[in-house]
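Okay, everyone, thanks for coming.

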Amino acid sequence: MRLVVPVSGSAPKTRLASVLSPAERRDFTEAMLSDVVDAVTAAGHEPEIISTAPLDCAVPVTVDDRGLDALVNDLLASTVTDGERALAVVMADLPLVTRESIERLLAPEADVVLAPGLGGGTNAFVCRHPEFRVDYHGASIRDHRETARDVGASVTEIDSRRLATDIDEPDDLAEVLLHSEGAAADWLTQSGFELTAAGGRVDVQRSR
């Protein structure tokens with residue numbers, strides 16, 4: 001199985017601009033990527049990292065500045081040609097991911113395995129069907145279900161909080177400190193972020 005981790009390295013995580021500088025967003029992106037690489041490696045697979053710009057990573061990074069849809073659809077077309085080789089795609093902003101959650105994603109033998117994101121996106125998938133293609137705009141998980149049905153592919157979905165939790169907004173940072181002990185959590189702690197509870201909700205604040 002070929003397993004690819006796409007990364008936006010050129011201008012990462014712009015929705016965190018209210019709490020992180022451009023340099024910090026890049027460093028935090030690299031920390032989250034490190035957590036994903038560690039989980040995939042622990043599950044016994046070699047991740048291929050494809051980034052829109054060079055990044056610091058423990059494994060080699062291929063630079064490809066195409067948009068996500070164009071990149072992934074080209075990978076699907078070149079990899080899943082006869083149904084005998086699968087392509088897995090795991091997003092780089094999933095710092096809660098673990099070896100076990102990667103193994104859950106890769107275990108089903110369906111033509112298409114989808115891991116929904118909490119906001120309606122598609123955080124990871126596995127494809128064995130040569131006609132399946134992606135469109136990450138809008139509520140992509142709904143579109144990917146429909147696309148899989150349209151090409152006659154069997155579909156399985158993975159209900160996993162760790163795969164579902166991608167980090168895009170400042171409110172998402174609390175999830176990292178609550179549920180992860182990896183590089184992204186360490187980076188937030190070292191950068192002065194800490195958990196706070198107010199109004200019945202756990203959030204983060206930055207002390208420095």
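K13 sits in the loop between β1 and α1; those labels are DSSP runs numbered from the N terminus, with helices being H or I of at least four residues and strands E of at least two. Quick note on what you're looking at: this is a predicted model, where local features need pLDDT of at least 70, side-chain atom pairs count only at pLDDT 80 or more, and totals for chains, interfaces and linings use all residues. Residues are numbered from 1 along each chain as its sequence is written, and side-chain values use heavy atoms, with hydrogens and water left out.

Back to K13. Its phi is positive, about 50°, although K13 is not a glycine. Is K13 buried or exposed? K13 counts as buried because its relative accessibility is 17%, and buried means under 20% relative accessible area, exposed over 50%, partly exposed in between, with a 1.4 Å probe and protein chains only.

K13 also takes us to the largest pocket: along with R15, D93, D166 and D168, K13 lies nearest the pocket's centre, among 39 lining residues. A pocket here is an open set of points on a 1 Å grid over the protein atoms alone, where a 1.4 Å probe fits, with protein on both sides within 12 Å along at least five of seven lines; lining residues have an atom within 4 Å of a point. The space in the largest pocket is about 910 Å³, counted as what is filled by probe spheres set on the points, which are joined across faces, edges and corners. Elements that each supply at least two lining residues include β1 (2–7), α1 (22–42) and α2 (68–79).

Now look at α2. This helix has 12 residues and reaches 16 Å from first C-alpha to last, close to the 16 Å expected at 1.5 Å a residue, where the expected span is 1.5 Å times one less than the number of residues. Its buried residues include D69, L71 and L76.

L76 is worth a click. Among the residues L76 touches, not counting those up to four places away in sequence, are L87, F125 and F132; contact means heavy atoms within 4.5 Å. In the largest nonpolar core, of 48 residues, L33, L76, L105 and F125 touch the most other members. A nonpolar core is a set of buried Ala, Val, Leu, Ile, Met, Phe, Trp, Tyr and Cys residues joined through side-chain atoms within 4.5 Å. The largest share of this core, 5 residues, comes from α1.
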